[in-house]
Amino acid sequence: MTASTSDIEKAAGVLRAGGLVALPTETVYGLGANAEDAAAVSRIFQVKGRPPSHPLIVHIGGAEHLDDWVQDVPTTARLLAEHFWPGPLTLVLPRGRRVPLKATGGLETVAVRVPDHPVALALLAAFGGGVTAPSANRFGQVSPTTANDVRAELGDAVDFVLDGGQCEVGVESTIVDVTGDAPSILRPGGVTREDLEAVLGFPLAVPSTSHVRVPGQHPSHYAPRARVVLVEPEKVIAEAELAQELGHQVGVFLPPSFAGAPVKAHAVVAVPASMAAYARGLYGFLRELDQQGCDLIIASLPVEEALGLAIANRLRRAAGPRPTA
Ligand code: TXA
Ligand code: MG
């Protein structure tokens with residue numbers, strides 16, 4: 001049920017009073033607070049169980065407000081904002097004075113975006129200020145893509161939930177750091193690297209998504225309760241059946257090339273062939289396998305181009321650090 005005008009007014013009032021509002025965006029649901037209210041921002045960290053050094057994204061109602069929140073806006077940032085906002089692109093820029101350090105985890109930079117969702121834009125217009133909003137899940141867990149996911153995840157810890165239906169994009173925004181000489185992608189997401197490069201006219205640096213880190217130092221993120229194990233697509237069925245025989249309750253992400261193949265497992269998700277549909281469904285699939293009682297999920301990575309880059313990044317992060325580099 002999409003939020004009504006009176007829901008939006010009520011949510012804006014909750015923000016003004018220092019409360020927390022869960023809001024739909026085109027990517028995932030966010031847990032929002034008045035960006036300028038350090039106490040409300042602190043509550044976000046508490047509710048999520050998020051370390052205070054993890055900076056938040058400030059959501060604004062339009063590119064015309066950028067200078068209110070950012071110190072000096074480089075030309076590249078204006079170009080990207082003009083092309084991709086409203087949309088799933090977050091720009092990291094020098095922090096403006098209105099943004100409390102609490103919201104940036106102490107950084108002198110701030111992440112800003114204009115979400116492409118009518119309910120989010122209506123809320124931002126009614127509220128008039130900036131809204132800091134991380135994904136509305138407990139730290140490290142799967143991001144919510146429906147209002148029901150938010151309620152299941154946060155319950156009474158959030159003061160008001162605005163329902164905007166299922167999120168269209170399904171994975172978070174692409175984060176581009178535009179503070180240095182060469183812009184770089186900090187997190188792949190809903191705007192593809194290919195689309196960014198087409199606008200910029202030059203290649204972007206993308207972080208390595210392989211976990212060449214000491215195990216234990218980098219906990220998994222975007223993670224369901226079930227352990228996620230990534231294998232080659234042609235090994236998905238065999239690995240799933242072996243683990244099921246060994247006594248696991250196995251959930252399978254069956255690659256499109258094996259669609260319809262019988263699998264002896266606890267639960268099977270048919271991975272959509274379209275990357276847009278896969279991204280839209282990804283977090284819902286992970287939640288569903290948890291709900292069905294799976295303790296192990298066997299999946300493979302899609303080809304890492306276009307939206308496949310963000311999907312592969314989330315699956316790798318969900319699988320967590322691996323013992324070997
Ligand atoms: O699509 C999205 O971006 C969603 C919706 C709700 O807008 N939000 C979201 O927020 O994914 P969150 O808090 O779950 O992820 C924000 C990411 C974190 O990885 C954080 O480290 C990064 O943004 N970030 C925020 N401020 C930053 C900064 N100043 N420099 C570098 N990274 C920053
Ligand atoms: Mg998140």
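**Entry 1: the Trp85–Pro86 bond.** I began with Pro86, which is found in the loop between α4 (75–84) and β4 (89–94). I noted that a cis peptide bond joins Trp85 and Pro86, with omega at about -10°. The model I am reading is predicted.

**Entry 2: the sheet.** I next traced the strand order. Nine strands form an open sheet, which I read as β7-β1-β2-β6-β3-β5-β4-β8-β9, with mixed pairing. I then looked at the edges: β7 and β9 (184–187) stand there with a single partner strand each, so one side of each is left without a neighbour in the sheet.

**Entry 3: strand β2.** I asked myself which strands pair with β2, and over how many bridges. Strand β1 (residues 21–23) is joined to β2 by three bridges, and the two run antiparallel. Strand β6 (residues 131–132) also pairs with β2 in the antiparallel sense, over two bridges.
On the β6 side, Asn34 has Val131 as its bridge partner. I also noted that β1 and β2 form a hairpin, with six residues between them.
Is β2 buried or exposed? I found five of the five residues of β2 (residues 30–34) buried, so the strand is largely enclosed by the rest of the structure.

**Entry 4: Asp163.** I located Asp163 in the loop between β7 (160–161) and β8 (174–177). Asp163 is buried yet has no salt bridge. The nearest side chain of opposite charge belongs to Arg151, 4.3 Å away, and I set this against the salt-bridge limit of 4 Å. I did find a polar atom of the Asp163 side chain 2.9 Å from the backbone nitrogen of Gly165.

**Entry 5: cysteines.** I looked for disulfides and the count came to zero. I checked the accessibility of two cysteines. Cys167 has 1% relative accessibility and therefore counts as buried. Cys294, at 6% relative accessibility, also counts as buried.

**Entry 6: ligand 1.** I listed 22 residues around ligand 1, of which Thr27, Arg50, His59, Ser173 and Arg187 come nearest. I then turned to side-chain N or O atoms. In His59, such an atom is 2.6 Å from an oxygen atom of ligand 1. For Arg113, I read 3.0 Å from a side-chain N or O atom to an oxygen atom of the ligand. For Ser135, the corresponding distance to a ligand oxygen atom is 3.0 Å.

**Entry 7: positive phi.** Which residues did I note with positive phi, though they are not glycine? One is Tyr222, with phi near 55°; another is Ala306, with phi near 50°. Tyr222 lies in the loop between α7 (193–200) and β10 (227–230). Its relative accessibility is 6%, so I count Tyr222 as buried. Ala306 lies in the loop between β13 (296–299) and α10. I record Ala306 as partly exposed, because its relative accessible area is 35%.

Entry 8: At 14% relative accessibility, Arg316 counts as buried; the cut-off I applied is under 20%. How far apart are Arg316 and Tyr222 in sequence and in space? I found them 94 residues apart in sequence and 9.3 Å apart in space, C-alpha to C-alpha.

Methods
Residues numbered from 1 in each chain as written. Chains lettered and ligands numbered in written order. Predicted model: local features only at pLDDT ≥ 70, side-chain atom pairs only at ≥ 80, totals over all residues. Heavy atoms only, no water. Buried < 20%, exposed > 50% of the residue type's maximum accessible area, 1.4 Å probe, protein only. Helix = DSSP H or I, 4+ residues; strand = E, 2+ residues; numbered from the N terminus. Pairing = 2+ DSSP bridges. Lys, Arg positive; Asp, Glu negative; His and termini not counted. Polar contact = N/O pair within 3.5 Å; in protein donor to acceptor, adjacent residues only side chain to side chain. Disulfide = S-S within 2.5 Å. Near = heavy atom within 4 Å.
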